[in-house]
Amino acid sequence: MAGRSAGGTAATVAPQPATLARSGLLLLVALTITWGLNWPMMKLALREVQPWAFRSLCLMVGGLSLLALTRASGAPVSFPLARLKPLALVALFNITAWHLLSAYALLKTGSGRAAIIGYTMPLWAALLSVFVLGARLTLRQILALAFGMGALALLIGQDVAVVGAAPIGALLMAGAALSWAIGTVLVKKFAWDGMAVMALTGWQQLIGGLPIVLGWWWLEPLPDLAALSLPAALGLAYAVFVAMIFCHTAYFKLVSLLPAHVAAISVLAVPVVGVVTSAWLLGEPVGLAEIAALLLVVGGLSLLIRAPGR
């Protein structure tokens, strides 16, 4: 990977493997399960907490907690002033645009369809990596991407008519996916001077969350958190402390371990887990399309993580 510092000087680092070690594989499995479970947990929270307040609470509490954990671990929380512009740019796409576009998309289309469209992100990340980072997709990675896209096509196939009836929501969610992909690739492009992953993630959430907090102040009243039901309170707590702290840190750790397009493809199983856990927690039906999609994603991930020659 070739990155560039704020001054434009290229920074050369060792090539990154396209496969994961056992520790990375365990991290990927944990991320897939916990991030997938976040979709029904978010739905439980959003039944009683308005979207802008929900996003603001997640980002501010999550960002501050990540910086506190970074300091507690002994790693530096501060970053060079020269990193502020690339950090703000990455946060704009990874946090602000993703959360705002997906919030408005959820007002125009169903949450399940929005999740599926959102996870077309790996397609855009793979293509952007070729042009921005000079990456080359191997046959194994192309097949893994094809398997994943096939799974998403199966999941969305039954709802094509409904999505077609709500093109604004679908387009907004596609824009959110594209923003996430741009942010993922930019994290790989810029040099971070050894900045800890938790600190990088925390600052992204705080900087990218500022416009969302302003929107909350302008558009919505303060929520009465004491009046939340137990399911909604659990959903909010999960979204803040599991999704925003663990999942975001784990994802950017994977981005640091793998080429951007490989890390992006690796999260394709998340919407499948979201479908399964939604059926478990919310009683949503699971049919042959979901089962077939799960098999395709597992096959694609096995291609992605299997070391050559094994």
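**Helix geometry, cavity lining and confidence**

At 1.5 Å a residue, the 13 residues of helix α12 (residues 270–282) should span 18 Å, and the 17 Å between its end C-alpha atoms agrees with this; the expected span is 1.5 Å times one less than the number of residues. Helices are DSSP runs (H or I, at least four residues) numbered from the N terminus. This is a predicted model, in which local features need pLDDT of at least 70. Residues are numbered from 1 along each chain as its sequence is written.

**Helices**
- Buried residues (under 20% relative accessible area, 1.4 Å probe, protein chains only) of α12 include Val270, Pro271, Val272 and Val273.
- Gly283, with a positive phi near 75°, follows α12.
- Gly74 follows α2, and its phi is positive, near 95°.

**Largest cavity**
- The lining of the largest cavity comprises 21 residues, with Trp35, Asn38, Trp98, His99 and His248 nearest its centre.
- At least two lining residues come from each of α1 (22–46), α2 (51–72), α3 (84–108) and α10 (230–257).
- A cavity is a set of points on a 1 Å grid over the protein atoms alone where a 1.4 Å probe fits but cannot get out, and lining residues have an atom within 4 Å of a point.

**Confidence**
- Mean pLDDT (the predictor's confidence in each residue, from 0 to 100) is 78 for the chain, and 81% of its residues reach 70 or more.
- Over residues 1–16, pLDDT stays under 50.
- Where pLDDT is low, the predicted coordinates should not be read in detail.

Notes
This is a predicted model: local features need pLDDT of at least 70, side-chain atom pairs count only at pLDDT 80 or more; totals for chains, interfaces and linings use all residues. Side-chain values use heavy atoms; hydrogens and water are left out. On a 1 Å grid over the protein atoms alone, a cavity is a set of points where a 1.4 Å probe fits but cannot get out, and a pocket is an open set with protein on both sides within 12 Å along at least five of seven lines; lining residues have an atom within 4 Å of a point. Contact means heavy atoms within 4.5 Å. Buried means under 20% relative accessible area, exposed over 50%, partly exposed in between (1.4 Å probe, protein chains only).
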